[in-house]
Amino acid sequence: MQTTFPRLMLEHAAARPGAAALREKSFGIWQTLTWGALATLVRELACGLAQAGLARGQHIVIVGGNRPRLYAAMLAAQSLGAIPVPLYQDAATTEFVFPINNAEISFAIVEDQEQVDKLLELREACPQLARIWFDDPRGLRNYNEAGLASLDALLESGRTCNDQQPDFFDAEVRKTQPGDVAAMFFTSGTTGNPKGVVHTHNTLIDRAQAGARFDKLTNAEEVLAYLPPAWVGQNIFSYAQWLACGYVVNCPESASTVSIDLNEIGPTYYFAPPRIFEGMLTTVMIRMEDAGVIKKWLFQHFMALARRVGPQLMDGKAVSGTDRLGYALGKLFIYGPLRNTLGFSRVRVAYTAGEAIGPDLFTFYRSIGVNLKQLYGSTETAVFVCLQPDHEARADTVGVPIDGVEIKVSESGEILVKSPGLLREYYKNPAATAEVLTAEGWYHTGDAGFLDAGGHLKIIDRAKDVGRIVGGAFDGAMFAPKYVENKLKFFAFIKEAVAIGDKRASVCAFINIDFEAVGNWAEKRNLPYAGYTDLAQKPEVYELIRECVEKVNADLALDAMLAGSQISRFLILHKELDADDGELTRTRKVRRGFVAERYQVLVDALYGGKTEQFIETQVKFEDGRSGIVSATLQIVDTKTFAAVKKAA
Amino acid sequence: MATRKIGEVILDVKNISLRFGGVKALTDISFDVREHEVRAIIGPNGAGKSSMLNCINGVYAPQEGSISFRGKTFSHMNSRQVAEMGVARTFQNLALFKGMSVLDNIMTGRNLKMKCNLLQQAIRWGAAEREETTQRQHVERVIDFLEIQPYRKTPVGKMPYGLQKRVDLGRALAMDPQVLLLDEPMAGMNVEEKQDMSRFILDVNDEFGTTIVLIEHDMSVVMDISDRVVVLDYGKKIGDGTPQDVRANPDVISAYLGTNH
């Protein structure tokens with residue numbers, strides 16, 4: 001049965017008015033908002049917005065973290081048939097200009113002073129942006145700008161309106177149709193202007209429900225919402241599926257308390273990109289290095305057992321009696337407490353997506369009994385395309401096509417998807433829409449990959465990034481930069497990597513070390529350092545990274561198809577790649593082309609055979625000011641290996 | 001800061017002299033502090049700034065002179081009486097309980113507001129529990145205000161110095177003070193921590209209308225955030241006025257930069 005988000009919300013409110021819908025930790029206590037209270041909140045907000053002039057079909061910007069009242073604001077806008085456009089709260093001011101002007105937006109609901117300041121700065125660039133409401137009044141008491149008001153004031157006017165016309169809200173909700181546009185997500189894109197991905201109630205709800213059926217989600221799930229709501233992944237997990245299933249979404253106290261909140265809530269359904277899982281594992285490993293001898297021994301002993309036995313137990317395979325007993329002991333001493341510390345005691349289903357996940361990382365979580373799985377999807381497909389079934393989770397595939405999805409591989413090796421969750425269009429961009437959506441309804445994912453014998457989808461790289469090695473020992477070999485970068489990033493010491501090599505004779509790489517992991521490693525060796533730039537250029541650190549790179553080379557040499565992608569030279573960058581400098585997208589994907597252009601001198605030095613290169617770079621700080629970072633970077637050669645001949 | 005109105009004199013220091021044996025720490029110092037203002041006391045090392053604060057705070061009893069708080073004059077006062085009148089302070093070299101959590105440290109700032117006796121608190125039942133809940137609500141507001149939510153349960157001794165300073169401020173704020181005495185709140189901090197601390201001091205002043213008396217070494221900070229400045233040198237007052245006045249005062253310049261003889 002087709003429906004809309006506001007109708008789903010009202011159904012939950014009618015069926016279980018006293019049940020928790022949202023929780024938010026404030027002043028040290030988890031405050032609950034019930035479905036009944038949420039319905040009232042949405043009703044009043046909607047009336048207030050209508051009073052302020054928000055009309056059916058208009059867009060409204062929502063900027064902020066995961067706050068219950070911002071979720072309610074999205075529902076309120078949808079109730080009126082208006083279209084919420086969530087934007088990344090950590091985006092720089094200038095990044096707001098395009099979306100706001102592109103969708104001719106004149107209304108905004110934001111979280112706090114930080115976002116208000118950004119939008120007020122845009123008044124000249126976006127003159128139509130007339131009304132701004134804020135959730136948290138802190139620091140805003142003395143702001144007197146025209147059109148700026150608190151969400152409380154909006155609620156107040158909405159309450160009055162609702163008292164005068166009590167039927168208005170319900171009539172508006174009835175008018176909104178399942179086929180109407182429900183939300184627009186701007187994809188950061190690694191090149192060019194962002195594109196507004198238009199989704200209807202139908203597309204989002206259909207995928208949310210398909211995912212829920214696949215994992216048998218109920219209204220008893222607990223979810224912690226802490227990733228940016230502007231990211232479609234977060235939106236699906238804590239908004240679309242929240243309304244489809246009626247479970248509880250918990251909002252953390254602040255961005256810095258997430259690990260504490262995770263531990264307190266103990267979610268049953270969890271979703272995060274690999275970097276979050278990686279960050280958690282790094283913290284565990286660092287703390288284990290500082291632990292006492294007995295604890296260390298216990299940890300190592302039981303983790304070795306877990307790596308051997310855990311994944312098999314997870315997959316429901318037979319395991320010997322002694323191993324079973326050992327694993328039970330391990331659960332008592334190590335796995336259980338560890339899961340509890342990480343906040344994973346109750347996790348029934350956990351997903352990772354957005355990037356490839358390292359096999360060691362993936363195995364670690366599965367071996368301690370966290371049902372971590374992978375999924376495949378994008379903003380354009382409303383996330384759910386492929387999911388891994390419970391007993392078939394693997395590190396190198398992304399799962400099987402789920403309900404309603406058809407997949408085929410084009411002649412050029414690109415994956416094409418047909419699904420009820422596909423975007424309607426790119427907003428005001430028919431050319432881009434035509435590029436990705438065929439007349440027969442196939443969506444071009446831009447990913448190169450194939451379906452393996454078991455029906456699982458396997459992704460190699462972005463189709464447009466796959467290049468060729470020209471000249472040298474590996475002339476004509478395939479170059480898959482992301483594949484190489486991922487292999488590098490699977491090492492805890494390497495945070496980010498950029499591989500260069502298309503149409504060249506060899507492959508070179510920029511490396512970003514993981515400051516926390518390498519910093520701790522250096523401290524253990526009494527290696528003093530002054531900061532990131534200094535640590536990055538230590539000869540000992542170069543040696544450490546060289547070992548990692550050579551391990552990757554040895555691994556690549558085993559794969560006849562990718563042996564040519566071995567790295568022959570590398571350098572460690574003097575600064576961390578940052579979204580504020582345009583080097584990463586807001587979802588933290590490397591913008592390879594931009595980086596190569598920005599650091600052209602370094603690329604030239606790598607291929608020019610130099611052993612060091614001076615570089616000066618302008619960096620933007622979080623508060624919008626900028627500064628200069630300069631350093632002389634070492635460049636080192638690495639060993640490459642002859643390709644292992646194909647056995648068969 | 002448009003809404004903040006500087007009011008009447010709240011704290012009046014008259015002709016204070018303080019001696020330790022033959023050492024004259026303070027000689028005939030007079031100045032006043034108006035309600036809602038940020039008042040700075042500056043001066044080179046050993047000028048008597050902390051001694052001055054300790055006199056106001058009731059830790060030292062000056063041999064001569066008087067201090068009036070809201071028109072009431074006192075010549076001898078202990079620090080508990082001062083605290084009960086609504087004067088809170090932070091310390092130059094942090095006097096926190098290192099082994100206790102952030103929460104417990106700030107909770108000690110509510111000590112004066114708690115009425116239950118030791119036994120009741122030890123058993124923590126009935127009235128004592130209700131009282132703790134009420135006081136905890138105040139503490140939580142302070143934690144929220146200072147943005148130290150991630151550290152509630154962290155032992156203070158394990159935290160970086162800049163954060164410890166913030167906890168110290170939090171404990172003073174928990175007293176709901178009318179006057180806040182800050183002894184070098186920015187000592188030993190890096191630029192970012194200093195910016196944060198300046199922000200918090202101005203916010204306290206703006207949001208709660210708390211009168212602030214601060215001692216600080218960092219001249220740029222003092223000039224940026226204070227309304228009026230007193231300058232001490234060798235226990236004597238050599239300047240008093242707005243930051244602009246003080247900056248132009250030749251005695252102040254020579255005390256700080258030295259003069260040609």
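Me: Which strand is joined to strand β18 (residues 414-418) of chain A, and by how many bridges?

Reply: Strands here are DSSP runs of E of at least two residues, helices are runs of H or I of at least four residues, and both are numbered from the N terminus. Two strands pair if DSSP finds at least two bridges between them. In this case β18 of chain A is joined by three bridges to β20 (residues 443-451) of chain A, and the two run antiparallel. Within this pair, A:Glu414 stands opposite A:Ala448 in β20(A). As to the source, this is a predicted model, in which local features need pLDDT of at least 70 and side-chain atom pairs count only at pLDDT 80 or more, while totals for chains, interfaces and linings use all residues. Residues are numbered from 1 along each chain as its sequence is written, and chains are lettered from A and ligands numbered from 1 in the order in which they are written.

Me: In what order do the four strands of that open sheet of chain A stand?

Reply: The order is β17-β18-β20-β21 in chain A, with antiparallel pairing. Its edge strands, β17 (406-409) and β21 (457-462) of chain A, each pair on one side only. For angles, axes are lines fitted to C-alpha atoms, for helices over the stretch in contact, and the values run from 0 to 180 degrees between N-to-C directions. From one strand to the next, the twist averages 50°.

Me: Which residues have the most contacts inside the largest nonpolar core?

Reply: In soluble globular proteins, nonpolar side chains tend to be buried together. A nonpolar core is a set of buried Ala, Val, Leu, Ile, Met, Phe, Trp, Tyr and Cys residues joined through C-beta atoms within 7 Å. A residue is buried if 20 or more other C-beta atoms lie within 10 Å of its own, exposed if 12 or fewer, and partly exposed in between, with C-beta atoms placed from the backbone. The largest core has 196 residues, and A:Leu38, A:Ile60, A:Ala108, A:Ala509 and A:Ile511 have the most contacts inside it. Helix α2 (residues 35-52) of chain A gives the most to this core, ten residues. Apart from it lies another core of 63 residues, including B:Val87 and B:Leu169.

Me: How many residues of each chain are in contact across the A–B interface?

Reply: Two residues are in contact if their C-beta atoms, placed from the backbone, lie within 7 Å. By this rule, eight residues of chain A are in contact with ten residues of chain B.

Me: Into which domains is chain B divided?

Reply: Domain bounds come from an automatic or database domain assignment. That assignment gives domain 1 (1-86 + 177-261) and domain 2 (97-174) of chain B. Their centres, taken over C-alpha atoms, are separated by 27 Å.
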